[in-house]
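Reader: I have a chain open here and want to go through its packing. Can you take me through it, with cut-offs?

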Amino acid sequence: MAKRFSRWLRLDNSAKIFPLMANKNTQNLFCLTFRLYEEVNAAALNEALVKTVRRFPSFNVKLKTGVFWNYFEEHTGKPRVYEAKPVVMRRISSRNCNGFAFRISYFGKNIYGEFFHAVTDGAGAAEFMKSLLFTYFTMLGENVDGEQKIMTVNSPSNPDEYEDSFLTYYKKKKLSQLPIDSLKGQTAYKIAGAEFENAGNGEINVYAKAKDFVAVCKKYGCTVTEMIGALFILSLYETKIKPRNLPSQNIQLFVPINLRRIFPSVTLRNFSLFSRIGVMTSDDMTVEGLTAHIHEKLVRDTRKDVLEDKISTTVYAEKFLPLRLTPLFIKRFIFNISNLFFGKNKKTATFSSVGILSLPESFRPLVKDANYAIAANDKSPITVTAVTVFDTICINFTRSITDTETEKRFVKYLTDAGLDISVSSNYWEVDNAL
């Protein structure tokens, strides 16, 4: 472990807030899955995990509860891999993860990495999983080359990898200068549907050739992110809102922004904020109009000055002396009733496009593809994500409701555009009906 890494690692501000807002029904989890061409060797994967976690100090921690804040403490035990359970992204706890705030599991040819958002975000998890795969393949005797794309277990750990980048790029401002009102959001349409009686989420993955999907986007003059967002809004409207003859609804998509693309940070800890993309539904919505609207919102919300204001507002809560001196149980109560940033009435769904996950060419005969998923809950009954690995893009739908009409309509849009797709599911709606 790097010498400069303290045994007690302070949580960055957002990581402090995530545990405060979790309850028995929700937990901010996401999962990065790699599909291999061969069956997973559990013993080799377990040994690879033990070696990999030593290279990543910010992952080698356990979450502790203090008097005023949650905090991370260095974990002195060893992680282990688990055989995957049928429940997608079940809660992470000290009992089922040996005290770690992430879980690595396997089933058949799949390797799953499930992470609590307090530890990292999608970008950080991707680096960890790439390193784990490299170590695993090496142990199996595969001839793999990192090609400068992998943080291998033999490479030195850089203290910048576990810095709190929110503090690094925080600019002190007066409360009156912070855009607090703009962060409150508006009451949003909530997706209706019968929830699963048993724990867990339904999951549907849609696979297509990346070059073909990009070709469709070029016809509309938009990015992959803008296209998926537009088709999801249309699919949601046509399956959930229009059939019920509802008046115009305010669909609010939460889209994570990887701040490393704007600020020169290499941290592996959480360094992301959200963009709110609001759309008032109508019968005359089009793909062209929606992609243009999403483009405009994302351009606005990824401006450096706008993000600096958001970072300052986020960090202000931590630095505000009265709140710092407030006991943790009171903070938890405050965050649960405020709904200031992530209130259940302020969001329709979460949509995250990870983009291209760059893997070494030597992984090509070993890794088939990957998918990325965010846990759904009562605040966000459907989450949508996308990731591209090698020649394949995977669009994931994770849901806490049984209905799949929105996903079916989305798939129809893709097939109508001429895309050759394949679909996989965990059939959770079938399991719950048995």
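Author: Of the 434 residues of the chain, 55% count as buried, where buried means under 20% relative accessible area, exposed over 50% and partly exposed in between, with a 1.4 Å probe and protein chains only. This is a predicted model, in which local features need pLDDT of at least 70 and side-chain atom pairs count only at pLDDT 80 or more, while totals for chains, interfaces and linings use all residues. Residues are numbered from 1 along each chain as its sequence is written, and side-chain values use heavy atoms, with hydrogens and water left out.

Reader: How many helices and strands does the chain have?

Author: The secondary structure comes to 13 helices and 15 strands. Helices (H or I, at least four residues) and strands (E, at least two) are DSSP runs, numbered from the N terminus.

Reader: And what share of contacts in the chain join residues at least 24 apart?

Author: The share is 77%, taken among contacts between residues at least 6 apart in sequence. Contact means heavy atoms within 4.5 Å.

Reader: Aromatics next. How many aromatic pairs does a search of the whole structure find?

Author: The search finds 20 aromatic pairs. Rings of Phe, Tyr and Trp (its six-membered ring) pair if their centres lie within 6.5 Å; planes under 30 degrees apart count as stacked, over 60 as edge-to-face and the rest as tilted. For Phe59 and Phe102, the ring centres are 6.3 Å apart and the planes are at 75 degrees, so this pair is edge-to-face.

Reader: Where in the chain do Phe59 and Phe102 lie?

Author: Phe59 is in the loop between α2 (42-55) and β3 (61-65), and Phe102 is in strand β6 (residues 102-107). The pair links distant parts of the chain, 43 residues apart. Phe59 and Phe102 are both buried.

Reader: What is the geometry of the rings of Phe59 and Phe115?

Author: Their centres are 6.1 Å apart and their planes are at 80 degrees, so the pair is edge-to-face. This pair also links distant parts of the chain, with Phe115 in strand β7 (residues 110-116), 56 residues from Phe59. Phe115 is buried, with a relative accessible area of 0%, and Phe59 counts as buried at 0% relative accessibility.

Reader: Which residues form one aromatic cluster with Phe59?

Author: The cluster consists of Phe30, Phe56, Phe59, Phe100, Phe102, Phe115, Phe128 and Tyr372.

Reader: What sits over the ring of Phe56?

Author: The charged end of Arg55 does, 5.1 Å from the ring centre. A charge sits over a ring if NZ of Lys or CZ of Arg is within 6 Å of the ring centre and within 35 degrees of the ring normal. The charged end of Arg35 sits over the ring of Tyr207, 4.3 Å from its centre.

Reader: Helix packing, then. At what angle do the axes of α6 and α7 cross?

Author: The axes of α6 (residues 210-220) and α7 (residues 224-241) cross at roughly 80 degrees and come within 9 Å. Axes are lines fitted to C-alpha atoms, for helices over the stretch in contact, and angles run from 0 to 180 degrees between N-to-C directions. α6 and α7 are therefore roughly perpendicular to each other; angles under 35 degrees count as roughly parallel, over 145 as roughly antiparallel, 65 to 115 as roughly perpendicular and the rest as oblique.

Reader: Which residues meet there, between α6 and α7?

Author: Phe213, Val214, Val216, Cys217 and Tyr220 in α6 meet Val224, Met227 and Ile228 in α7.

Reader: Is Phe213 buried or exposed?

Author: Phe213 counts as buried, at 2% relative accessibility. Not counting residues up to four places away in sequence, Phe213 touches Val224, Met227, Ile228, Ile393, Ile395, Leu414 and Leu419. Phe213 and Leu419 are 206 residues apart in sequence and 7.1 Å apart in space, C-alpha to C-alpha.
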